[in-house]
Amino acid sequence: MSTSTPVNTNGTKASNAAKPSKAGAVADWADSRLGLATAMKKNLRKVFPDHWSFMLGEIALWSFVVLLLTGTFLTLWYRPSMGETVYHGSFQQLNGLEMSEAYSSTLNISFDVRAGLLMRQMHHWAAMLFIAGMMVHLLRVYFTGAFRKPRELNWVIGCLLLLLGTLEGFTGYSLPDDLLSGTGIRAADGFIKSMPVVGTYISFFLFGGEFPGDSIIPRLYTVHVLLIPGVLLGLIAAHMLLLVYHKHTQWPGPGRTNENVVGYPMLPVYAAKAGGFFFIVFGVTALLGGFLSINPIWRYGPYNPSEVTAGSQPDWYMGWPDGLLRIMPGWESNFWGVTIGWNVLVPIIIMPGVMFTILLMLPFIESWITGDKRDHHLLQRPRNAPTRTALMVALMTFYGISWMAGGNDIIAIVFHLSINSITYFNRVAVFLGPIIAFIITRRWCISLQRHDNETLLHGYETGVIMRDASGGYTEKHLPLPVADQYTLTARDRDEIYQIESATDENGVQAPGTRKERLRASLSSWWYRNNQQKPTRAELEAAHHHAADEAAHDAPLVGQRADGHQFDGRHGTEGDDLAHHKD
Amino acid sequence: MRLRLKSTASRVAGAVSRRRRSRFAAPAVLLIGLLATGATYYAVSPASASGSDSSTDAVAKGRNLFLVGCASCHGQNGEGIVTKRGKNYGPSLIGVGGAAVDFQVGTGRMPMAAPGPQAPEKKVTYSKTEISQLAAYVASLGPGESVPSKSDYDTSGYGTESIRRGGELFRTNCTACHNFAGSGGALPGGKYAPKLVGVSSKHIYEALLTGPQQMPVFSNDVLTPQDKRDIISYLKKNERTQGYGGFSMGALGPVSEGMFAWLAGIGVLVGFAVWIASHTARVRKREEGTS
C-alpha cells in the first residue's frame, strides 16, 4: 500500500465484527459482568511442572471431594440423635433391639437405603485415603525441601489441614454410635479427664453432663458436617491460592532455574491430568467401598457402656497416640488430692501436641539453623540434605513404632507373639529406633552424595571390561551426558553459619552471642559431613583425564572383537560380533 | 420249583468249581476270609458296642488310654504334676468332668504337642469312642460337668428372639476377648482367645460350661443353658449370614482396615500418579522422537 495516499476511512457503512459463536457469546456475557477474562487468561495458561510426586497432594484433594459427595448422601438418612428406638429393619440379628436413633439410622443406611452401604464404605475409605494422602504429600514436600522460603506458611496451613482432617475423621468415626465408636468416645472422655484441673470441666461441657449423656452425638455431628468441613474448605482454598501465587516448585535440570517454571499449561494438559486423576481416585474409592468391608457396624452392635470388644482400635491416623498409650507404664502421681495419670496424659494429650508443634516448626527450625533466607523454587534431592532427610526418617520411625504398638494385640494373634514381648520391645524401640534411623539415613545420604560426585568426576560404570596390553582388567567409565551433569551440579554449596565475632570492639561479649554460638554449632552439625559438589577445577581435571583415556584407547578401535563396539562411543550398526570366528 | 432251585445252586457251584484254578482264586478266598474275620471281630468287639458298653468297661479302657497319652503330664491318677519349683506341669483333672475332656481332646487341644503358653487347636488324635472312654475315666475321678447331649446345644429352629438375646449376651460376655465377630483376640503372655467361627455348637457349649485354658467358667448359674443356646444361635446365624460389606479382611477391626488403606488404597493411587506423570503431553513425545 502506498503511503502517499491516505486510507479512505470514510466508508459509508460501519464495519461489523463477525457474529460471535455461542460459547463466545456466553463468555462475553459473563466477562462483561464478572471481568474474569484477564485473570482466566493468565491462570488457564499457568504452567505446572511434571513429576509423579507432585500429584500426591491431589490424592488428598480428590478424596476430600469424594468425602463431600458421599457425606452429603449420608446426611439425607442419618439421624444425629441419641434418642432411644427399637430396631425393626432388615438385619435380623439386631431385630427388636433397643438402640439410639443414630445407630438405627446407620443400620438403615447400610441395609435398607439403595447404595447406602456402598456410600458409607466409600465415605470411610475416602477418609482413610484423605489423611494418608495428606501424609504422603507432607513427606514429599519435606524430603524435597519444598517447604523453604517462600512456602513456610503453606506448610503451616498443610499441618493444620492434617490436624483438622484427623479431628474430622475422629468425629465421623464416633457418629454411627456402634460399640466401637462408643468405645472411642468413652476413651476420648477419659483422655480429656486426664488433663489436670480443667479436664473434668471440659468433659462435662462437651458431653453436657456426665458421659455419655444424650448430646454428644448431635454435637459431634455439627462439628463433623459443618464446622470442620467449613474450616477445611477455607484452608484448602488458601493452600491452593498460595500454590498458584508461589508457583509450583520444580526439579533442577537444563533450562530449569530458580526464576522460571518449566512444564505444561493448566489448559489443556493439567486440567486433563488432574481431572483424570479425580476420576481415578473416585474409582479406586468406589472399588474399595464395593469390595472391602470397612467398619461393619452391624457386627459391633449398638453402643452399651458395659460392653467392649477385642480389637477396639481407632482408625489408622489415631493409631500412633493409641500405641503410645498402650506402651506407657502405668505411672500416676498425687498432689494435694489431685491425681495426675501420666500414663494417659503423656501419650494422648502431651505427645500429640509436642509432635504437632515439631511438625509445624520444622521449616522455621531449619531456616534458623542454616541462616538461609533466600527464596527457593528448585527442589532438593533428599540425599542433598542429609540431616533434614535423617530428621524426618527419625520422626517417621518414632511414628511407625508408636503406630505398630497401637496394633499390638492384632500383631500378637496374627504372628503368634506375646503381647508383653511386643510391648517391652516397643518401649525400647520407640527411643532407640529414631536414633538408629537418624544415623543410618544420614550416612546413607552422604554415601549417595559421594556416589554422585564420583560419577561426575569419573563417569558412570559402563559394564564393559577392558583388558590392556599387560593383561590387566579395568571397567570402562564414560562421562555422564551433559544434561545429567548439569542436573547433578545444579545445587548450592552448603554454607556453615559462622559467628562474625564473639566479642565487640571493646572485647566484651557481644549481645546475643550465646544464641549465635548455638546456631553456629547447630549449623555445623547440620552441614558438616555433607559432600559438596566438585569444583570447576576438579571437573576440568577429570575431563582431561577422560580425554587422555579416550586417546589411549583410540588405536584399539577397529580391532576384531575388542569390545569397543559396546563402549558407547562408537556406532554398532553393521558390526556383528557373532560373525567373528577364529 | 425245587428242581429249579437245585439246578440254580448246582449251576453256581459248577461255575465256582470251574474257576477254582483261576489265578484270582487264591486272592479271592483270602479276601473273603479277611473280610469275614474283620466283620466278626467288629460285630463282637466291645469297643464298637458303645451303646451296650458297661460304664466300668469304658472307664477301664479310658484309664488305659489315659496312662499312655495323658499321664505323663496329668499324673497316673489324673492328680496333676507339680514341678520342683512348685509350678504346674499338668493340672489335676479330678473334678473337671467329662465335658472338659470332650472339649479339650475333641478339638485336638489335648494331648499337647509341646509345652507353651496355651494349647493350640489342632488335628484330633483320638477317635470319638476313645474320647468318650477318656471322658468316662476322667469323670470317674470326681464329680464334674458331664458331656452335654444334643438337646442341650441344639439351636435348630431358634428364631429372631433368641438370636437377638444371644447377640446381647455375646457382646456383654464374650466380645471383650473373642472380638466382635468372633475372630479371636490377644491375651497377656502369648495367650489368646481363639477364633469362634467354625467351632461346633457342642464345643462352644462345653467351653462355656468348663472354661478351658484362659477362659472363665460360665456355669449354668451365670449363663443358663438357654442363654448358652442363644449365644450359639447368634454365632451360627452370623456364620450363615453373607458378608454384606464385601471381603472382611479378617474381621479384626480398624488395624486391618488401615493396612488395606495404605497398601491397596495409597499404593494403587501412587501407582496411578506415576503412570499419569510418565504419560505426558504429546509435545514431549515428538521431542523425544526427533532427538
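**A walk through a predicted two-chain model**

A:Val428 counts as partly exposed because its relative accessibility is 47%. This is a predicted model. A:Val428 sits in helix 16 of chain A, which runs over residues 419-458.

Next, the annotated regions of chain A. An unreviewed UniProt entry places a "Cytochrome b/b6 N-terminal region profile" domain on residues 26-252. That span is 68% helix and 4% strand, and its end C-alpha atoms are 42 Å apart. The unreviewed entry also gives a "Cytochrome b/b6 C-terminal region profile" domain, covering residues 253-447. Here the chain is 65% helix and 4% strand, with end C-alpha atoms 22 Å apart.

Now turn to the contact between the chains. Chain A brings 67 residues and chain B brings 57. Together they bury about 5,000 Å², and carbon and sulfur atoms give 69% of that area. On the chain A side, A:Gln92, A:Gln93 and A:Arg299 lose the most area to chain B. Those three account for 14% of what that side buries. How many salt bridges join chain A and chain B? The count is 1. A:Glu307 pairs with B:Arg171, with the closest N and O atoms 3.8 Å apart.

Side chains of opposite charge can pair when their charged atoms come close. Over all chains, the structure holds 25 salt bridges. A:Arg374 takes part in two of the pairings described here: one with A:Asp372, at 3.2 Å between the closest N and O atoms, and one with A:Asp492, at 3.6 Å. The pair with A:Asp492 links distant parts of the chain, 118 residues apart. A:Arg374 is in the loop between helix 13 and helix 14, while A:Asp492 is in the loop between helix 17 and helix 18. A:Asp372 counts as buried because its relative accessibility is 17%. A:Arg374 is partly exposed at 46%, and A:Asp492 is partly exposed at 44%.

A salt-bridge network also links A:Arg186, A:Asp189, A:Lys193 and A:Glu210. From A:Lys193 to A:Gln531 is 51 Å, C-alpha to C-alpha, and 338 residues in sequence. A:Gln531 lies in the loop between helix 18 and helix 19. Its contacts include A:Ile446, A:Arg450 and A:Arg491.

B:Glu239 and B:Lys236 form a salt bridge, the closest N and O atoms being 3.4 Å apart. Both lie in helix 11, about one turn apart. B:Lys236 is buried at 15% relative accessibility, whereas B:Glu239 is partly exposed at 36%.

Technical notes:
Residues are numbered from 1 along each chain as its sequence is written. Chains are lettered from A and ligands numbered from 1 in the order in which they are written. This is a predicted model: local features need pLDDT of at least 70, side-chain atom pairs count only at pLDDT 80 or more; totals for chains, interfaces and linings use all residues. Side-chain values use heavy atoms; hydrogens and water are left out. UniProt positions are given in the numbering used here, feature names are shortened, and annotations may be inferred rather than shown by experiment. Helices (H or I, at least four residues) and strands (E, at least two) are DSSP runs, numbered from the N terminus. Buried means under 20% relative accessible area, exposed over 50%, partly exposed in between (1.4 Å probe, protein chains only). Contact means heavy atoms within 4.5 Å. Buried area is the accessible area (1.4 Å probe) that two parts lose on being put together, summed over both. A salt bridge is a side-chain nitrogen of Lys or Arg within 4 Å of a carboxyl oxygen of Asp or Glu. Lists of a residue's contacts leave out its neighbours within four places in sequence.
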